Amino acid sequence: MSTAVSTEAQTPSAGSPAIAVRDLRFRYPGGADVLHIPEFHLQRGQHAFLYGPSGSGKTTLLGLVAGVLEVQQGSLHVLGADLGALNAARRDAFRASNLGYIFQMFNLIAYLSVEENIMLPCQVSPERRRRLNGADLREEARRLARHLGLGDYLHRNVLQLSVGQQQRVAAARAMIGAPSLLIADEPTSALDYDHRGRFLDLLFERCDATGATLLFVSHDQTLMGRFQTQVALSDINRAAPQPTQPPSAPNGQAG
């Protein structure tokens with residue numbers, strides 16, 4: 001049985017922003033709004049660094065952009081597609097063809113090797129496979145693995161790798177097949193300094209070569225300077241806790 005997903009309703013709309021949000025709200029059952037974003041746009045080809053404290057809604061926003069979570073209220077267009085108008089199956093198909101996602105918890109397939117995990121998106125999505133432009137899938141997977149220091153581990157089961165190595169496998173899997181939008185959720189948290197630099201170099205190189213948009217979330221603000229666009233979630237999310245201001249001294253006097 002084929003593992004390929006349907007390409008129906010997956011073609012991105014050229015000329016539209018990579019991400020366009022208007023009056024987007026989201027809450028989990030029984031809770032208050034986690035997100036309330038009146039407006040946010042990310043243009044195609046930009047490298048954006050999104051930051052904010054734990055619990056501010058960063059991962060929830062990424063889940064909505066990726067179509068993992070369902071839009072509850074407001075408008076969310078990704079690569080021109082109205083995600084609020086797509087059911088779960090069509091969002092899954094759209095994501096498989098057009099998005100590369102480096103999950104915070106990696107989401108690797110435990111019974112597959114490093115090489116097999118990296119190749120998986122192009123085996124699931126014919127569109128990702130076509131974007132290889134005739135290049136051999138296995139060789140492309142190996143090339144990405146070598147760039148990320150995984151060349152000696154191609155045939156190992158991913159459970160035999162360190163956490164940092166698993167993170168790099170997840171990154172290579174997200175990059176293969178030239179997705180139009182690359183989403184990275186804390187992708188450098190388990191990498192040492194050398195591997196972090198190599199990872200970012202490859203990430204920017206791949207995005208620039210394919211014209212992909214990058215939405216990168218991290219607590220590590222030392223990385224911010226490498227990005228064209230920096231976005232504090234508290235600046236766009238009205239539901240995010242605001243920084244506490246020190247109380248004014250009575251009668252305008254210093255305390």
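The buried residues of helix 3 pack against helix 4 (126–130), helix 5 (137–147) and helix 6. Buried means under 20% relative accessible area, exposed over 50%, and partly exposed in between, with a 1.4 Å probe and protein chains only. Contact means heavy atoms within 4.5 Å. This is a predicted model, where local features need pLDDT of at least 70, side-chain atom pairs count only at pLDDT 80 or more, and totals for chains, interfaces and linings use all residues. Residues are numbered from 1 along each chain as its sequence is written, and side-chain values use heavy atoms, with hydrogens and water left out.

**Overall make-up**

- The chain has eight helices and nine strands. Helices (H or I, at least four residues) and strands (E, at least two) are DSSP runs, numbered from the N terminus.
- Of the 255 residues, 48% count as buried.
- Take the contacts in the chain with a separation of 6 or more: residues 24 or more positions apart account for 73% of them.

**Helices 1 and 3**

- In helix 3, the buried residues are V114, E115, N117, I118, M119, P121 and C122.
- Helix 1 (residues 58–65) is mostly covered, with seven of its eight residues buried.
- Those buried residues of helix 1 are K58, T60, L61, L62, G63, L64 and V65.
- G67 follows helix 1 and has a positive phi, near 80°.

- Four strands form an open sheet in the order 2-1-4-5, with antiparallel pairing. Strand 2 (33–42) and strand 5 (81–82) stand at the edges, each with a single partner strand, so one side of each has no neighbour in the sheet.
- Two strands pair if DSSP finds at least two bridges between them. Strands of a sheet pair through backbone hydrogen bonds, either parallel or antiparallel.
- Strand 1 and strand 2 run antiparallel and are joined by eight bridges. L24 stands opposite I37 in strand 2.
- The hairpin of strand 1 and strand 2 has five residues between the strands. In this hairpin, G30 takes a positive phi near 80°.
- Strand 1 (residues 19–27) also runs antiparallel to strand 4 (residues 73–78), through five bridges. A20 stands opposite H77 in strand 4, and V21 has L76 as its bridge partner there.

**Strand 3 and its parallel partners**

- Strand 3 (residues 47–51) is mostly covered: four of its five residues are buried.
- Four bridges join strand 3 to strand 8 (residues 213–217), and the two run parallel. L50 stands opposite V217 in strand 8.
- Strand 3 also pairs with strand 9 (residues 229–232), in the parallel sense and over four bridges. F49 has Q230 of strand 9 as its bridge partner.

**Q167 in helix 6**

- Q167 lies in helix 6. At 2% relative accessibility, Q167 counts as buried.
- The side chain of Q167 reaches the backbone oxygen of E186 at 3.0 Å.
- Leaving out residues up to four places away in sequence, Q167 touches F106, E186, P187, T188, S189, A190 and L191.

**The largest pocket**

- A pocket is an open set of points on a 1 Å grid over the protein atoms alone, with protein on both sides within 12 Å along at least five of seven lines. A cavity is a set of points where a 1.4 Å probe fits but cannot get out. Lining residues have an atom within 4 Å of a point.
- Grid points are joined across faces, edges and corners, and a volume is the space filled by probe spheres set on the points.
- The largest pocket has a volume of about 400 Å³.
- Its lining has 15 residues, of which R95, A96, F103, P121 and R173 lie nearest the centre. The elements that give two or more residues to this lining are helix 2 (88–98), strand 6 (99–102), helix 3 (114–124) and helix 6 (163–175).
- The lining of the largest pocket divides into nine nonpolar, two polar and four charged residues. Ala, Val, Leu, Ile, Met, Phe, Trp, Tyr, Cys and Pro count as nonpolar, Asp, Glu, Lys and Arg as charged, and the others, Gly among them, as polar.

**The cavity**

- The count comes to one cavity of 30 Å³ or more. About 50 Å³ of space lies in the largest cavity.
- M175, A178, P179, L182, R206, C207, T210 and A212 line the largest cavity. Helix 7 (residues 193–210) gives the largest share of this lining, three residues.
- By class, the lining of the largest cavity has six nonpolar residues, one polar and one charged.

Terms used: A polar contact is a pair of N or O atoms within 3.5 Å; within protein, one must be able to donate a hydrogen and the other to accept it, and residues adjacent in sequence count only if both atoms are side-chain atoms.
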